[in-house]
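Q: I would like to learn how to read a folded chain, feature by feature. Could we go through one together?

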Amino acid sequence: MADRWDGLAERALDAGVAAGAEYVDVRVVRSETLSLSVKNGRPEAVVADDDEGLGVRVLVDGSWGFACTPRPEPEAVARAALQAVEVARASRLVGGPAVRLAPQEPVQATWANPVRRDPWRVPLEEMLALLATATEAMRRVPGVRLGEGFLDFWRTTKRFRSSQGAAIGQTITESGGGIAAVAVRDGEVQRRSYPASFRGDFGTGGYELVEALDLAGHAQQTAEEAAALLAAPPCPAAVTTLILDGDQTALQIHESIGHAIEFDRILGMEAAYAGTSFITPGDIGSLRYGSEVMHVVADATLPGALGTFGFDDEGVPAQRVVIVEAGVLRSVLTSRETALLLGQRSNGTARASSWNRIPLVRMTNVGLQPGSGTLEDLIADTDEGVLMCTNKSWSIDDRRLNFQFGCEIAWEIRRGRRGRIFKQPVYSGITPQFWSSLDRVAGPAEFRARGTPNCGKGQPAQVAHTGHPAGPTRFRRVQVGSR
Amino acid sequence: MSHDILPDPESAFRLLEAVVGRSPADETEAVLVARRAGLTRFAGSRIHQNVVEEDAHLLLRVVVDGRVAGLRTNRVEQAETDEVLAHAVAIARHTPADPDFPGLPGPAGGPLVYEGSVPATAEATPQRRAEAVRRFVEACGGAPAAGAVETGVSAVAVANSRGVRAYGRRSRASLVAVVQEEEGSGYVQSVDADLDRLDLTSLGARAAARARAARRPADLEPGTYPVILEPPAVGLMLAYLAMTTFNGKAVLEGRSALATRLGQQVMDPRVQIWDDATDPRTIGLPFDFEGVPKRRLDLVREGVAVGVAHDSRTAHRAGVPNTAHALPQPNPFGPMPTNVLMAPGQRSLDELIAATERGVLVTRLHYVRVVHPARTVITGMTRDGTFLVEGGRIVRALRNLRFNVSMLEVFAAVEAVGAEGRLVGEELAVFAPPVSAHRFTFTGRTLF
């Protein structure tokens with residue numbers, strides 16, 4: 001963190017307390033990003049972003065207020081603290097029960113994730129050459145019009161101070177990328193991505209994560225599959241066995257588990273915007289979420305995953321929380337405010353997208369626990385069904401029940417073997433029924449945490465980075481088809 | 001620059017001209033985007049989140065030997081711009097040349113200055129927003145309400161080394177709310193440049209009435225039905241068409257449905273769609289992020305696709321005039337219309353309902369995603385008020401339904417366009433009327 005913010009968090013903290021707040025926390029955040037987009041060998045956008053500021057959150061008479069400033073000046077941060085107190089007092093005009101916070105021992109600590117190769121020290125030429133090589137290779141495959149490549153890097157440096165004595169510094173470096181081939185013919189457009197859609201896969205770490213993806217080595221197959229999809233038949237409508245690859249399993253977890261277990265949603269705090277949840281507070285501990293083979297953990301301590309950190313934005317240490325055990329809902333994601341309503345302590349999931357946003361309950365690394373076998377074992381063990389890979393579209397209702405997810409490609413499965421490919425595959429279901437039809441989860445060899453860098457929530461809008469340990473999964477009696 | 005995070009035109013141009021003047025690049029574009037806003041959020045009829053924010057970003061695009069790089073920072077003080085410029089130029093020097101880059105746009109005339117800010121809305125206090133919430137909640141008559149009241153002001157200023165100068169400032173106030181009555185919910189949304197023009201009392205009463213009407217919803221067998229779509233539903237489809245179909249880059253790359261159908265009849269002849277940031281029924285700035293002045297752009301005229309949005313880069317590639325729809329540059333997404341309007345018709349919403357023998361009235365669409373961009377197929381759910389219409393009247397509330405439709409096919413199946421157009425859209429503001437269409441395909445249902 002630049003020295004120009006030194007002492008300013010404490011100044012804001014003191015100003016908030018002096019103005020009458022019973023609780024104050026201050027975050028100073030600097031976010032550096034580097035984003036590279038290359039198409040058909042040519043750079044489309046090379047953009048660096050550098051953003052910093054201070055946010056101050058206060059509780060006054062049991063009501064929240066928040067204000068912020070990008071200016072590293074003593075007067076500006078003191079003014080932000082006073083504004084936050086004024087905002088909190090206005091909240092009392094339409095007040096309800098006073099907000100109280102679950103207890104939390106104040107922590108003084110620093111944390112940073114390991115980085116083997118700092119992305120900001122990798123020559124731009126090297127990164128752009130990698131994307132140029134991969135995208136040109138895809139473009140050379142007949143039928144492919146566009147070869148696209150992406151790399152994104154984020155470095156977030158945070159300081160957290162609270163009036164309860166917490167003082168935490170963190171630096172989180174995140175890296176990743178991906179490639180996609182777009183095939184076009186006679187008004188038909190098909191897209192194939194590697195290793196995941198929507199700019200790729202991401203984790204906490206440095207450029208070594210990009211090197212491990214071997215984007216150039218996967219360009220040819222990615223492009224050939226895109227071209228093959230142009231002539232593929234649509235996925236036939238059927239109720240059948242469905243195998244999802246790890247990428248689509250991660251999306252399924254994110255949408256139909258991760259958001260549904262956010263306790264602020266369950267309490268109705270997001271009712272007018274993103275929605276609520278089919279889960280009620282009384283369901284915790286007893287709801288049958290899925291089958292006996294379904295075990296879900298939210299683990300913010302998982303090395304290398306995109307939802308990994310040392311402390312959340314309320315100063316609560318990162319934790320590993322059992323969410324679903326043998327198909328039964330055991331816990332939900334909480335903050336200090338929401339946990340107290342369950343008579344619990346926070347399990348450390350309150351995160352803000354930056355200095356100018358308040359912490360919300362966000363997913364950490366919400367994922368399945370591995371079972372056994374490989375994807376090929378799951379296929380060999382399936383008499384008839386469909387394998388779907390790589391998310392293409394996703395939609396779910398505002399209580400996280402009815403969903404329809406589309407994938408880039410599907411393979412027919414007959415007598416334990418992959419058959420022809422299908423284009424435009426989709427499947428749909430109702431969350432607890434769908435997870436109750438889960439009968440196999442692949443083993444650790446095919447498991448890894450997949451990163452989702454575009455998780456939206458809240459007003460004003462916030463984007464969070466989440467991780468989802470996942471591998472291939474198999475579900476019975478699923479409605480599949482094509483759109 | 002003045003101490004205010006939102007500079008006046010003179011201060012903004014002074015800052016940007018200093019940046020452009022000190023740049024060692026061959027060409028330089030500097031854009032200042034500043035914003036001050038407050039958002040008061042309520043749930044369970046009490047304020048549970050309440051924030052104010054202010055920020056200003058400098059967006060630089062530099063060109064060195066045909067190599068282009070972008071840099072964004074909120075460290076906009078003059079003392080830091082040399083460091084920022086040096087960083088941007090260093091990135092450009094390490095980037096291969098972009099053969100599609102046509103050079104920065106030149107000026108169309110003198111500096112363009114636009115003032116669209118209502119001071120009382122731009123400076124609205126937390127107390128004013130809380131009072132607005134209280135009036136709305138009281139008008140709901142005790143039904144639990146959740147939503148947000150937002151007020152704010154934003155400014156955009158553009159200057160480049162070819163002499164472009166543009167500045168615009170505008171205010172914005174909005175209410176979005178859902179009111180719950182047992183298993184029914186009612187939705188209202190209103191946006192305006194002036195907070196005083198949000199009719200909070202009638203919005204609260206309407207939301208509560210809609211929630212009462214939506215109680216005890218019944219199942220409807222999925223299938224293809226006539227529909228009446230209220231403005232929020234129509235507006236969201238128009239926003240998705242703007243992003244995916246009227247995007248000049250998507251057309252050039254063959255990803256848009258209009259790649260092969262520009263000039264053809266793609267919608268019912270009663271449908272007129274255009275983009276016009278200067279129309280008083282929308283909230284916009286009269287120039288784009290390259291500082292190029294905007295004018296009306298017809299997109300669909302009597303059902304015929306007649307235009308798509310371009311920025312300087314895509315216009316150069318397509319060999320057509322720039323329509324001034326650049327997003328912040330460099331931008332791989334491409335240009336898109338940002339102030340879409342659809343012409344209202346003559347008949348009221350009640351008349352559209354009265355003319356429907358059997359169909360579904362849809363208040364709002366939720367979680368819309370594009371399934372097949374080239375065919376404009378989207379999926380999503382209905383939300384906060386779905387009703388069965390029989391014999392020309394609403395007969396019961398329905399549980400929410402999943403739909404899969406081609407947006408072009410829905411607009412091709414239009415029966416009538418309603419008269420009550422309004423500005424809708426929580427993300428992209430669209431002026432949309434209600435619409436009835438004789439075919440809309442519901443493929444599934446949920447449990448509430």
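Q: What covers the buried residues of H1(A)?
A: Before that, a word on what we are looking at: this is a predicted model, in which local features need pLDDT of at least 70, side-chain atom pairs count only at pLDDT 80 or more, and totals for chains, interfaces and linings use all residues. Residues are numbered from 1 along each chain as its sequence is written, while chains are lettered from A and ligands numbered from 1 in the order in which they are written. Helices (H or I, at least four residues) and strands (E, at least two) are DSSP runs, numbered from the N terminus. A residue is buried if 20 or more other C-beta atoms, placed from the backbone, lie within 10 Å of its own, exposed if 12 or fewer, and partly exposed in between. The cover over the buried residues of H1(A) includes strand E1 (23–39), strand E2 (42–60), helix H2 (74–91) and strand E5 (144–162) of chain A.

Q: Which residues of helix H1 in chain A are buried?
A: In H1(A), residues 8–18, the buried ones are Leu8(A), Ala9(A), Ala12(A), Leu13(A), Ala15(A) and Gly16(A). They lie on the same side of the helix, because they cover an arc of only 165° around the axis, the arc being that of the directions from the helix axis to the C-beta atoms.

Q: How are two packed helices described?
A: Two packed helices are described by the angle between their axes and the distance between the axes. Here the axes of H3(A), residues 124–139, and H5(A), residues 219–230, come within 8 Å and cross at roughly 35°; axes are lines fitted to C-alpha atoms, for helices over the stretch in contact, with angles from 0 to 180 degrees between N-to-C directions.

Q: Which residues of H3(A) and H5(A) meet?
A: Two residues are in contact if their C-beta atoms, placed from the backbone, lie within 7 Å. Ala134(A), Ala137(A) and Met138(A) of H3(A) meet Ala219(A), Gln220(A), Thr222(A) and Ala223(A) of H5(A).

Q: Is Arg185(A) buried or partly exposed?
A: Arg185(A), which lies in strand E6 (residues 167–185) of chain A, is partly exposed, because 14 other C-beta atoms lie within 10 Å. Leaving aside residues up to four places away in sequence, Arg185(A) touches Gly143(A) and Leu230(A).

Q: How many residues does each chain bring to the contact?
A: Chain A brings 65 residues and chain B brings 71. On the side of chain A that touches chain B, E2(A) gives the most, with 12 residues.
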